[in-house]
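Here are some notes to read alongside the structure. They are set out as numbered points, each on one topic.

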Amino acid sequence: MRINDDLTKPVIVHAARLDWVQSPAAGVERRMLYRVGGEVARATSIVRYAPGSAFPRHVHAGGEEILVLEGTFQDEHGDYPAGSYFRNPPGTSHVPASKEGCTIFVRLWQFRKNDDVQIVRRPGEGEEAPLREGAKEARVLFDDDEERVSTEVWRAGSAIKVDNHRGLEFLVLSGSLAVGGEKLEPQSWGRLPAGKPLEAMTGPNGAQIWIKDAPLQHADVLPMPG
């Protein structure tokens with residue numbers, strides 16, 4: 001399966017308008033944003049857990065990055081309410097579940113070699129960052145010089161520019177914004193190749209956005225099996 005696999009082209013996907021696709025685990029469904037591979041894939045998805053659902057224990061051979069969007073995500077290590085962000089590097093494992101249901105943003109098989117830092121950021125955690133024009137809050141969730149992951153809150157009616165020297169990926173968490181005349185709302189996801197800045201105008205309620213500043217695929221990304 002190949003979905004939005006041309007990394008040289010800008011892409012915007014309004015995930016909230018996509019149908020849910022059943023996963024192998026009962027009660028766990030996906031909206032696929034980017035995918036190369038079959039059930040084991042280099043992938044970016046929105047995943048929804050029905051109340052009481054769980055996914056069997058699995059090892060993150062290629063690494064897993066998660067942002068909880070709604071509800072509370074759980075595993076044997078704890079509960080992660082909306083706004084939690086964590087990175088499970090290659091070799092880690094868990095049994096993901098949700099007692100009351102949740103929606104998460106997930107990136108799989110996109111870790112690079114020697115990226116072995118396991119972190120959990122609870123809602124509101126992370127280092128405060130300098131504010132760009134139009135922003136009222138910015139928080140860095142992860143930064144190791146190879147990639148920088150952050151969330152920002154942008155003021156209503158603001159023109160925003162995010163420079164892009166190595167690649168940008170972003171997800172609208174709340175509010176709305178316009179990019180190139182196209183309206184983006186919660187679960188709208190975008191990816192821009194290096195050299196193309198993100199230029200946006202926020203809506204009447206402003207916007208909160210998750211941003212990854214990094215090569216769209218690391219030169220030393222972990223190879224897929226087979």
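1. How do the residues of the lining of the second largest cavity divide into nonpolar, polar and charged? This is a predicted model, and in it the lining of that cavity has four nonpolar, two polar and three charged residues. The residues concerned are L7, Y34, T44, R107, Q110, E169, W189, R191 and L216. The space inside the second largest cavity is about 30 Å³.

2. The search of the whole structure gives two cavities of 30 Å³ or more. The largest cavity holds about 70 Å³. It is lined by 13 residues, and R107, Q110, L216, Q217 and H218 are the closest to its centre. By class, this lining has six nonpolar, three polar and four charged residues. R107, Q110 and L216 are also among the residues that line the second largest cavity.

3. The pockets come next. The largest pocket has about 520 Å³ of space. Its lining is made of 27 residues, with E39, F55, H58, E64 and L108 nearest the centre. At least two lining residues come from each of β4 (28–37), β5, β7 (58–59), β8 and β13 (102–108). Strand β5 gives the most, with six residues. Of the lining residues of the largest pocket, 16 are nonpolar, seven polar and four charged.

4. In the second largest pocket there is about 370 Å³ of space. Among its 21 lining residues, L67, V68, G83, L173 and Q208 lie closest to the centre. Two or more residues of this lining come from each of β8, β16 and β19 (168–179). Which of the elements gives the most to the lining of the second largest pocket? It is β8, with four residues. By class, the lining has ten nonpolar, five polar and six charged residues.

5. Strand β16 (residues 135–143) runs antiparallel to β17, and seven bridges join the two. Within this pairing, V140 has S150 of β17 as its bridge partner. The hairpin of β16 and β17 has four residues between the strands, and D145 there takes a positive phi near 80°. Strand β17 is also joined by seven bridges to β22 (residues 198–213), again in an antiparallel arrangement. Here V149 stands opposite K212 of β22.

6. There are five aromatic pairs in the structure. One of them is Y49 with F73, an edge-to-face pair with 5.7 Å between the centres and 75° between the planes. This pair links distant parts of the chain, since Y49 is in strand β5 (residues 41–49) and F73 is in strand β8 (residues 64–75), 24 residues apart. Are Y49 and F73 buried or exposed? Both are buried. Ring pairs also link Y49 and F73 with Y80 and F86 in a cluster.

7. The last point concerns M224, which is in the segment after β22. Its relative accessibility is 23%, so M224 counts as partly exposed. M224 and A61 are 163 residues apart in sequence, yet 9.0 Å apart in space from C-alpha to C-alpha.

Conventions:
Residues numbered from 1 in each chain as written. Predicted model: local features only at pLDDT ≥ 70, side-chain atom pairs only at ≥ 80, totals over all residues. Heavy atoms only, no water. Pairing = 2+ DSSP bridges. Phe/Tyr/Trp six-rings, centres within 6.5 Å; stacked < 30°, edge-to-face > 60°. Buried < 20%, exposed > 50% of the residue type's maximum accessible area, 1.4 Å probe, protein only. 1 Å grid on protein atoms, 1.4 Å probe; cavity = no way out; pocket = protein on both sides within 12 Å on 5 of 7 lines; lining within 4 Å. Points joined across faces, edges and corners; volume = space filled by probe spheres on them. Nonpolar A, V, L, I, M, F, W, Y, C, P; charged D, E, K, R; others polar.
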